[in-house]
Amino acid sequence: MADVMLRAYKAAIAMEPIVALEYYVKIKTYKAEFLRQVDYLETLPPFQALDLGALAAQTVSARGSISAGAANCLFDLQGDEFGQWRWFPYDIFMARIFLPAGVAKHQLKFLQLGIEHDIIYRDPLLVTTEFNTWEDERPAVEAMNYSDYPLLATRIIAMGYRFHTVGVDKETQNKIESGALPCTTIVCSGKA
Amino acid sequence: METDFERGVRRSGNVVNLPAPGGAAIAQAIFQVSNFAQQIGTKSFIPKKLLVRNNNGGNCWLSLGLGIPGVANMPPVRVLNMVDNIWQEFDLPTQEYFADLTAFADAIVVGSLDVMVEVEERG
C-alpha cells in the first residue's frame with residue numbers, strides 16, 4: 001500500500017488538460033448544451049474528495065452526496081466552471097459512480113460497472129476513470145464492501161483540472177457552428 | 001533510491017514506557033492518529049515496525065489494540081526479558097488503524113517496557 005499516493009501523484013502529473021486557455025468548448029450536460037470559452041484553468045492535485053464512512057461486510061453504502069448536501073460533495077465547482085476528473089477508491093472497496101446523482105456512469109444495459117481500489121495498479125494513469133462535471137451538478141458515489149470484513153472508511157481520491165469559462169458572443173457562436181472556429185465538446189454527463 | 005521515510009509516508013511515535021504492574025487498564029497510546037480539524041480527509045495508519053526494550057520486566061506478552069483500557073485486536077507478541085525485541089513489516093499483519101494505537105503488557109511484577117512503533121500513514 002505504501003506507494004498508492006505516490007502512484008496517484010504520478011497519475012496526476014501525467015494527466016493533461018482536455019483543453020487549453022482561450023479554447024472554445026461546447027458543454028453538454030444531461031439537460032442542456034452551450035458554448036463557452038476557457039479563460040482560466042488550474043490543476044487539482046490528488047485529494048480526498050469523499051469519505052462515505054464505515055461500511056459493514058457485504059453491504060452497499062448510501063449514495064454519497066445526495067442527501068448529505070454540499071458539505072459532503074467536494075467535487076462541486078463554482079459557477080461557470082467545469083471539471084476534468086480522474087479518481088480511484090483509496091480503501092479496498094468497489095465504487096459505482098453517478099453523474100448527476102440519478103444517472104449512472106459506466107452503464108451497460110443490464111450492468112453498471114464498478115471501479116475497485118486495484119485500478120491504481122492496473123491503470124496507473126487512471127485513464128479509464130475520467131469524467132467531466134459542470135458546476136455543482138454533482139457526481140454521487142456508492143461504495144460496495146464485497147469482502148467478509150468491515151471497513152472503517154471508504155475514501156475516494158480524485159485529481160484533475162478545473163476550468164473557468166466565459167460566454168461567447170453571437171458572432172463567435174455563428175463562427176463555431178459554421179465550423180470556422182474550432183471547438184471541443186465536453187460531455188459532462190451520460191444520458192438518463 | 002529514496003526510502004518510504006523520505007517520501008513522508010513513514011512516521012515514528014514517541015518512546016512510551018509501560019510500567020509495572022501492566023494490564024489493559026494502564027494501556028497507553030503508542031501512536032496517535034492525525035486528526036487536526038483543518039486537515040483534508042481522514043488519516044489512518046498501518047504499523048510497520050515495533051521495537052520493544054524489556055527493562056527487567058520478565059518474559060511477558062505485549063498486546064496491541066485500541067482504547068484505554070486496551071482492547072487487543074491482534075494476537076499478543078512475546079517479549080523476552082532484558083533484550084531488544086523487534087518485529088518488522090513482514091512479521092506484522094496489515095492492520096489499519098483509524099484511532100490511536102494503544103499497547104499494554106500482561107501483568108509484570110517489576111521493571112517496565114519501552115515501546116516504539118513506526119507506521120505508514122495513509123490518507
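Predicted model: local features only at pLDDT ≥ 70, side-chain atom pairs only at ≥ 80, totals over all residues.
User: Let us start with chain B. How many helices and strands are there in it?

Analyst: Chain B has 1 helix and 10 strands. Along the sequence, the pattern reads α-β-β-β-β-β-β-β-β-β-β.

User: How does the radius of gyration of chain B relate to the globule rule?

Analyst: The radius of gyration is 15 Å, close to the 14 Å that the globule rule gives for 123 residues, so chain B is as compact as a globular protein of that length. Along the principal axes, its C-alpha atoms fill a box of roughly 45 × 35 × 20 Å.

User: And what share of chain B is buried?

Analyst: Buried residues account for 29% of the 123 residues in chain B. As for contacts in chain B with a separation of 6 or more, 81% of them link residues 24 or more positions apart.

User: Which strand does β4(B) run antiparallel to, and over how many bridges?

Analyst: β4(B) is joined to β10(B) by 11 bridges. In that pairing, Phe45(B) faces Glu121(B) of β10(B).

User: What about β1 and β2 of chain B?

Analyst: Strand β1 of chain B, residues 10–12, pairs with β10(B) in the antiparallel sense over 3 bridges, with Ser12(B) opposite Glu118(B). Strand β2 of chain B, residues 16–19, pairs with β10(B) in the antiparallel sense as well, over 4 bridges; there, Asn17(B) has Asp114(B) as its bridge partner.

User: Changing topic: how many residues does each chain bring to the contact?

Analyst: Chain B contributes 12 residues and chain A contributes 9 residues. On the side of chain B that touches chain A, the elements giving two or more residues are α1 (4–7), β4 (44–55) and β10 (112–122) of chain B.

User: Now chain A. What is the strand order in the sheet of 6 strands?

Analyst: The order is β7-β4-β9-β2-β1-β10 in chain A, and the sheet is open with mixed pairing. β7 (131–134) and β10 (184–187) of chain A stand at the edges with a single partner strand each, so one side of each has no neighbour in the sheet. On average, neighbouring strands of this sheet are turned by 35 degrees against each other, direction ignored.

User: Is the pairing of β1(A) with β10(A) parallel or antiparallel?

Analyst: Strand β1 of chain A, residues 24–28, pairs with β10(A) in the parallel sense over 4 bridges.

User: Which strands does helix α1 of chain A lie across?

Analyst: Helix α1 of chain A, residues 4–14, lies across β2 (33–51), β4 (81–89) and β9 (155–167) of chain A, and runs at about 170 degrees to β2(A).

User: What is the order in the sheet of 4 strands in chain A?

Analyst: That open sheet has the order β3-β8-β5-β6, with antiparallel pairing. β3 (59–60) and β6 (115–116) of chain A are at the edges, each with a single partner strand, so one side of each is left without a neighbour in the sheet. Strands β5 (residues 94–98) and β8 (residues 140–145) of chain A pair over 5 bridges, and Phe98(A) is opposite Ala140(A).

User: One last item: how many residues of helix α3 in chain A are buried?

Analyst: The count is 0 among its 9 residues, 170–178, so to speak of cover, helix α3 of chain A is hardly covered. After α3(A) comes Gly179(A), whose phi is positive, near 90 degrees.

Technical notes: Residues numbered from 1 in each chain as written. Chains lettered and ligands numbered in written order. Contact = placed C-beta atoms within 7 Å. Pairing = 2+ DSSP bridges. Buried ≥ 20, exposed ≤ 12 C-beta atoms within 10 Å, placed from the backbone. Axes fitted to C-alpha atoms, helices over the stretch in contact; angles between N-to-C directions. Rg over C-alpha atoms; globule rule 2.2 N^0.38 Å.
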